[in-house]
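I opened this notebook to record what I looked up, entry by entry. The structure comes before the entries.

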There are 2 protein chains.
Amino acid sequence: MTLKYANRMKGIRASEIREILKLTQKAEVISFAGGLPAPELFPIDAIKEISREVLEEHGEKALQYATTEGYLPLRKQITERMTKFGINTNADNILITNGSQQGLDFAGKIFLDPDDVVLCENPSYLGAINAFKAYEAKFIEVPTDDEGMIISELEEIVKTTDKIKLIYVVPDFQNPTGRTWSIERRKGLIEIANKYDLIIIEDNPYGELRFEGEIPPSVKSFDVEGRVVFLGTFSKTFCPGFRLAWTCASEEILSKFILVKQSSDLQASTISQMELSKFINKYDLDKHVEKIKSVYRRRRDIMMKTMKEEFPDEVKFTYPEGGLFTWVELPEHINSRDLAIKAIDNNVAFVPGDPFYPNGGKFNNFRLNYSNMNEDRIVEGIKRLAKAIKEML
Amino acid sequence: MTLKYANRMKGIRASEIREILKLTQKAEVISFAGGLPAPELFPIDAIKEISREVLEEHGEKALQYATTEGYLPLRKQITERMTKFGINTNADNILITNGSQQGLDFAGKIFLDPDDVVLCENPSYLGAINAFKAYEAKFIEVPTDDEGMIISELEEIVKTTDKIKLIYVVPDFQNPTGRTWSIERRKGLIEIANKYDLIIIEDNPYGELRFEGEIPPSVKSFDVEGRVVFLGTFSKTFCPGFRLAWTCASEEILSKFILVKQSSDLQASTISQMELSKFINKYDLDKHVEKIKSVYRRRRDIMMKTMKEEFPDEVKFTYPEGGLFTWVELPEHINSRDLAIKAIDNNVAFVPGDPFYPNGGKFNNFRLNYSNMNEDRIVEGIKRLAKAIKEML
């Protein structure tokens, strides 16, 4: 039998992270690999209560088909939460998706023809790279520093490149670097998009998990022309097992997302949406987020402190003000894939950096997650990593 | 602002069914439009119980990220249920999807380049047409009678057509016609696929809902070369609100479905999969299906009886041995869209037939659903429809 797949399948490969996660199932592995929330913080008892209530009050409705757009009360609650990011919108601008990953996939499906160009940070989020590659996009990595994309470099690329369709950014506690864009760069980005008539995909899965300072206004908050598509999620503030996230866009663009949702999987889970909506109504999601933040803040602190103490001076790492990740830079001659193999032999796991570069190339970085391991394991894991690094110097 | 969408967006349009469903939300409308299960049969109390148990026993796991493939115990249970269709497979051949619609979308994404050809029944399922159109496929409708595709006509088309990638069929209680393929035609189909090296997508959402006779062997049961992708779902036997379905394929083909699932939305809901698995373990899903069948059988009977009594002789309709739909043929000069407008004025809804023809053309058919209305409403609704038809003769 000859299997003739579509051309786009050439660009789709297994997520390195999910392959690594399979190796980290063993209890003895100290894993800094996934972007997994701390499961001990999941509001299990509240969800139990709420699940019972939803089934008692609206059982038939909760188990039936529902609209593609999503559960209206939940969409309204989302618009209220979006004010945190300086966004005033309404339920007609919100589509409920199965995780933000689905919003990324839909953005690709709606905008990208083969060989269209996506501009992204350098490095950028692996899941977005994979989603867009599935539509045969090309990537140009815009030079990026601790404040975000360098706007002059961005403009130079925009001026000299054909077929740019999207600019993809994660301005808050970026995955993988943990870096946050300055307000000036956010404004600069939207000015470029306005001037050159481009669409921005602003991916914000971690913005609410800010450990210090104020949440900065989102890129979308500066968008008066409706050219920013904002992706938010409940995976990090509630739980990922529910697979509930949202896309916020102008009605014109959102109508395309709704059409694509219809042909892709009709709708998100009716009962899960109703449960989450009731949770937000009945419990205080903001208070729950505070609890998550206080735990993650301590974990970040202990990881930073231990890295400072244990890592050789040649090793650099970012200081994230929130979110789930820090990004480590090794001396150039050390390949983080070799380190990963050495680390896994010592039961420590992380994600090597090169899959975060869509066009390949950099091998001396890696990503560490601090949300999923307790403080003792963080200290122990970093010590083991430090030892492995020193052996490779 | 200029919005430059991908080419594929030209082929994606709103599902007629979901637009009509919006009109049928009013309580006074007797709706034969959607393919909605009877909500009064949903096992609400059992789900309440099971949800509590899953959260008590595996709360942290149920709310966390999990594998793309799906929950292994559920995948094993599915393989057991597949024996009903004469299919012996194992969990490595099963991917959990968000409804069968997602399996259709993935089939398109994996196999279809622009202008590739999908062969389908005449008429065919609207949701599949929309899913494949999103990948810029072309369709050829294979002449189809009460026993399925006419194999000699199929072979003639296959011999004379380039770029055929998929043959899409719904052999059991087809949507929209309610017709079921004979065993000979199933064998004939697989012979053609083997001879001309083609992939078959066998969509089987209703096969378990057989009111009389034995479940025939599926097309996949005759597949020794691994060229049939089988789509099954719990939307009609359990509930659609959970959005749980599956794709069964050879390991080689399934590996592509898993990759595409990963870049599309990572995974299905962890907690919903665990709940469904526990339901199947603890309650008797087959017994529940018997209950659904006995209710739908009576509804089919009363719809058939009332149509026979009330519809003019010129109107023909299919006799479904199971599933959710019958297909009505009006005299050629009556446009079912005109009838639909007249019907909705009398608070009766159905889906006009033309969207089920991917290349357009036939306007004198329509689809009736009998699973979602009680017997009194079926009688009243058919009487109103009959009156409207008579006025148009």
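Entry 1, between the chains. I looked up one ion pair and found that B:Glu56 forms a salt bridge with A:Lys48, with the closest N and O atoms 3.4 Å apart. The term requires a side-chain nitrogen of Lys or Arg within 4 Å of a carboxyl oxygen of Asp or Glu. The count between chain A and chain B is 4 salt bridges. I noted that 83 residues from chain A and 83 residues from chain B take part in the contact, where contact means heavy atoms within 4.5 Å. The buried area between the two chains is about 7,100 Å², and carbon and sulfur atoms give 57% of this. Buried area is the accessible area (1.4 Å probe) that two parts lose on being put together, summed over both.

The model is predicted: local features need pLDDT of at least 70 and side-chain atom pairs count only at pLDDT 80 or more, while totals for chains, interfaces and linings use all residues. Residues are numbered from 1 along each chain as its sequence is written, chains are lettered from A and ligands numbered from 1 in the order in which they are written, and side-chain values use heavy atoms, with hydrogens and water left out.

I examined helix α3 (residues 72-82) and helix α9 (residues 270-282) of chain B, whose axes come within 9 Å and cross at roughly 45 degrees. Helices here are DSSP runs (H or I, at least four residues), strands likewise (E, at least two), numbered from the N terminus. From α3(B), B:Pro73, B:Leu74 and B:Gln77 meet B:Gln273, B:Leu276, B:Ser277, B:Ile280 and B:Asn281 of α9(B). The residues of this contact divide into 4 nonpolar, 4 polar and no charged.

Most residues other than glycine have a negative phi, and most peptide bonds are trans. I found a cis peptide bond between A:Asn122 and A:Pro123, with omega about 0 degrees. A:Pro123 sits in the loop between β3 (117-121) and α5 (126-133) of chain A. In chain B, a cis peptide bond joins B:Asn122 and B:Pro123, with omega about 5 degrees. I also noted B:Lys163, which has a positive phi of about 60 degrees although it is not a glycine. B:Lys163 is placed in the loop between α6 (151-160) and β7 (164-169) of chain B.

How values were computed: Axes fitted to C-alpha atoms, helices over the stretch in contact; angles between N-to-C directions. Nonpolar A, V, L, I, M, F, W, Y, C, P; charged D, E, K, R; others polar.
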